[in-house]
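The sequence and structure are shown first.

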Amino acid sequence: MSGVGPVEPGEDTLVREVPPPRPRGRLALRYERHRRTVLASATVLVALAGGGYLYASRPQPRPAPPPPYPSQAIDLVYVAPVTGPPGATADGFSFTVLLSVRSGPPVTVTRLTQPYDGLSATSSPAAPFQTKSHSARKIIVTLRVTECEKAPRNPGLPFLDVTLRNARAIEAHSFILGTRYARDLSRTLAVACGNVSR
């Protein structure tokens with residue numbers, strides 16, 4: 001024989017495969033008997049752990065933005081004076097305002113007043129009352145002269161003080177109702193307190 005290479009068995013020579021050595025010890029024997037069950041259980045545990053990790057690390061949805069503050073969600077506008085009962089009287093002035101809730105949760109008017117000491121204010125419906133989102137409510141406000149000496153003669157920019165509440169906050173807000181309201185209120189105060197000298 002000459003050459004380089006592996007040694008090959010000759011003719012009539014049998015190659016015997018050597019069986020793997022048998023595991024020794026009680027745990028090794030038990031593993032050998034239940035190898036399929038152990039491998040299947042380990043695969044299931046790895047799959048569950050991976051799934052749990054993926055579920056726990058998934059991106060979370062952003063929380064919904066908070067509802068708007070009540071004063072940012074409503075409009076309060078002067079409509080017109082009310083004529084006849086329960087309209088203007090010798091000592092008072094009734095007018096209609098429109099409260100519109102543009103968005104967000106319902107808004108509750110908990111208080112409606114005016115800033116002058118010589119006048120008192122009532123509303124119909126009486127506070128507290130609620131207005132739902134995307135709806136409007138007509139409110140009749142009646143101002144009565146209680147003391148002409150303290151009532152303004154010519155209010156430039158009269159306003160209403162309104163306390164509002166929704167799911168986010170409670171706010172006290174002053175609403176300027178515009179020049180028509182100022183003109184109508186001045187006219188009424190001139191009639192009610194015209195004969196009283198200051």
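Two residues are in contact when heavy atoms of theirs lie within 4.5 Å. On that basis, among contacts in the protein chain between residues at least 6 apart in sequence, 66% join residues at least 24 apart. The model is a predicted one.

**Overall composition**

The protein chain contains four helices and eight strands. Along the sequence these follow the pattern α-α-α-β-β-β-β-β-β-β-β-α. Of its 198 residues, 27% count as buried. The accessible surface amounts to about 14000 Å², and carbon and sulfur atoms account for 57% of it.

An open sheet is formed by four strands in the order 1-2-6-4, with antiparallel pairing. Strand 1 and strand 4 are the edge strands, each pairing on one side only. On average, and with direction ignored, neighbouring strands of this sheet are turned by 30 degrees against each other. Helix 4 packs on the sheet and touches strand 1, strand 2, strand 4 and strand 6. The direction of helix 4 makes about 160 degrees with that of strand 2. The antiparallel strands 4 and 6 are joined by six bridges, and S120 stands opposite R144 in strand 6.

In soluble globular proteins, nonpolar side chains tend to be buried together. The largest nonpolar core here has 28 residues, of which F95, V141, L160, V162, L177 and Y181 touch the most other members. Strand 1 (74-81), strand 2 (92-101), strand 3 (107-113), strand 6 (135-145), strand 7 (159-165) and helix 4 (179-192) each supply at least two residues of this core. Strand 2 gives the largest share, five residues. Residues up to four places away in sequence aside, F95 touches Y78, A80, P81, V82, I139, I140, V141, L143, L160, L177 and Y181.

**Q114**

Q114 lies in the loop between strand 3 and strand 4 (119-124). Is this residue buried or exposed? Q114 is buried, because its relative accessible area is 10% and the cut-off for buried is under 20%. Leaving aside neighbours within four places in sequence, Q114 is in contact with L119, S120, A121, L143, F159, L160 and D161.

Methods: Residues numbered from 1 in each chain as written. Predicted model: local features only at pLDDT ≥ 70, side-chain atom pairs only at ≥ 80, totals over all residues. Heavy atoms only, no water. Core = buried A, V, L, I, M, F, W, Y, C linked by side-chain atoms within 4.5 Å. Buried < 20%, exposed > 50% of the residue type's maximum accessible area, 1.4 Å probe, protein only. Pairing = 2+ DSSP bridges. Axes fitted to C-alpha atoms, helices over the stretch in contact; angles between N-to-C directions. Areas by Shrake-Rupley, 256 points an atom, 1.4 Å probe, with all protein chains shown as cover.
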